[in-house]
Amino acid sequence: LMIRNIDLVPKQMNGETVSAADAAIAATGYEAIQWFTTIPPESIRITVQDGWMSLEGTVACGHQRQTLREILRHLPGVKGLSDKIVLKPECAAPEAA
């Protein structure tokens with residue numbers, strides 16, 4: 001079973017089996033990023049192990065990182081969140097109106 005290039009069949013990753021439940025949590029995470037943010041989902045890597053979600057990737061500003069944490073930590077099945085997201089050095093300041 002595939003959802004947007006995410007395999008929901010248990011498989012091996014780094015020598016350990018990824019359960020269907022963990023794969024489904026990751027798939028839900030990518031869907032949430034698409035629906036609730038302007039952050040390109042391909043810029044974030046989500047891995048899930050026994051319900052613990054790990055985020056890796058790069059975002060433009062701190063508020064994007066915070067948005068990701070707030071959205072993803074409340075998804076069903078997520079027991080905890082590890083944030084390894086890196087901020088781009090240049091955080092574009094909003095233009096004055």
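The predictor's confidence in each residue is expressed as pLDDT, on a scale from 0 to 100. The structure described here is a predicted model. Over residues 1–10, pLDDT stays under 50, and for this stretch the model has 23 contacts beyond four places in sequence. The protein chain as a whole averages a pLDDT of 81, with 76% of the residues scoring at least 70. By element, confidence in the protein chain is lowest in strand S1 (residues 2–3), where the mean is 42, and highest in strand S7 (residues 80–87), where the mean reaches 94.

Three strands form an open sheet in the order S5-S6-S7, and the pairing is mixed. S5 and S7 are the edge strands, each of them pairing on one side only. From one strand to the next, the twist averages 10°. Helix H1 packs on this sheet and touches S5 and S6, with a direction at about 150° to that of S5. Helix H2 also packs on the sheet, where it touches S5, S6 and S7; the direction of H2 makes about 160° with that of S7.

The antiparallel part of the sheet is the pairing of strand S5 (residues 44–49) with strand S6 (residues 52–59), which extends over six bridges. Within this pairing, Gln49 has Trp52 of S6 as its bridge partner. The hairpin of S5 and S6 has two residues between the strands, and Asp50 in this hairpin adopts a positive phi near 55°.

The parallel part of the sheet consists of S6 and S7, joined by eight bridges. Trp52 stands opposite Gly80 in S7, while Val59 has Leu87 of S7 as its bridge partner. Together with helix H2 (residues 62–72), S6 and S7 make a β-α-β unit that is right-handed.

Buried residues in H1 are Asp22, Ala23, Ile25, Ala26, Ala27, Gly29, Ala32 and Ile33, where buried denotes under 20% relative accessible area.

Notes:
Residues are numbered from 1 along each chain as its sequence is written. This is a predicted model: local features need pLDDT of at least 70, side-chain atom pairs count only at pLDDT 80 or more; totals for chains, interfaces and linings use all residues. Side-chain values use heavy atoms; hydrogens and water are left out. Buried means under 20% relative accessible area, exposed over 50%, partly exposed in between (1.4 Å probe, protein chains only). Helices (H or I, at least four residues) and strands (E, at least two) are DSSP runs, numbered from the N terminus. Contact means heavy atoms within 4.5 Å. Two strands pair if DSSP finds at least two bridges between them. A crossover is right-handed if, with the strands pointing away from the viewer, the path from the first strand over the helix to the second runs clockwise. Axes are lines fitted to C-alpha atoms, for helices over the stretch in contact, and angles run from 0 to 180 degrees between N-to-C directions.
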